[in-house]
Amino acid sequence: MKAVIQRVISCSMTVEGKTVFEQGKGLLVLVGVADGDTERDADVLSAKIVKMRIFGDENERMNRSVTDIGGDIAVVPNFTLLASCRRGNRPDFTESAPPAEAERLFEYFKAVTAEALGKVNSGIFGLSLIHISEPTRLR
């Protein structure tokens with residue numbers, strides 16, 4: 001599994017003009033599932049993200065996790081994280097898990113993360129065109 005983790009002050013997702021989620025301070029996490037990934041990989045990645053100390057404390061040191069600050073997490077499936085662009089101009093997605101397995105593991109990852117945090121906002125699996133508001137980044 002691969003993830004891109006962005007600290008945000010707020011973010012939202014809109015699909016076909018309908019808001020899927022809106023959230024405040026926390027993390028926006030794009031998740032890609034690779035062929036051969038397992039529930040164990042999802043467990044390890046989720047635990048790492050929930051405990052990752054990337055928010056500032058009173059001394060502005062990155063010493064607090066999203067759990068410590070009472071923040072939100074939004075997870076969005078993104079198979080393009082597994083793209084290989086080594087040859088030619090067309091990305092190769094052979095390292096991505098097959099869609100049914102990727103969806104199953106994404107849903108598992110989402111459930112494990114929600115169990116650890118209490119709630120998780122989520123994108124919709126399988127959509128090719130979505131709009132994620134430009135995340136307002138922390139300074």
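Averaged over the chain, pLDDT is 87, and 91% of the residues score at least 70. Where pLDDT is low, the predicted coordinates should not be read in detail.

**Helix α2: length and end**
- Helix α2 covers residues 99-117, which is 19 residues.
- Its end C-alpha atoms lie 26 Å apart, in agreement with the 27 Å that should be spanned at 1.5 Å a residue.

**Helix α2: buried and exposed sides**
- The buried residues of α2 are Ala102, Leu105, Phe106, Phe109, Lys110 and Thr113.
- Viewed down the helix axis, these buried residues fall within an arc of 145°, so they line one face of α2.
- Ala100 and Glu115 are exposed and sit on the face turned away from the buried side.
- The cover over the buried residues of α2 includes α1 and the strands β4 (26-32), β7 (72-77) and β8.

**Asparagine 121 in strand β8**
- Asparagine 121 belongs to strand β8 (residues 121-122), one of the elements that cover the buried residues of α2.
- Asparagine 121 counts as buried because its relative accessibility is 9%, and the cut-off for buried is under 20%.
- Leaving out residues up to four places away in sequence, asparagine 121 touches Phe21, Glu22 and Gln23, as well as Asp72, Ile73, Ala74 and Val75.

Definitions and conventions:
Residues are numbered from 1 along each chain as its sequence is written. This is a predicted model: local features need pLDDT of at least 70, side-chain atom pairs count only at pLDDT 80 or more; totals for chains, interfaces and linings use all residues. Side-chain values use heavy atoms; hydrogens and water are left out. pLDDT is the predictor's confidence in each residue, from 0 to 100. Helices (H or I, at least four residues) and strands (E, at least two) are DSSP runs, numbered from the N terminus. Buried means under 20% relative accessible area, exposed over 50%, partly exposed in between (1.4 Å probe, protein chains only). Contact means heavy atoms within 4.5 Å. The expected span of a helix is 1.5 Å times one less than its number of residues. The arc is that of the directions from the helix axis to the C-beta atoms.
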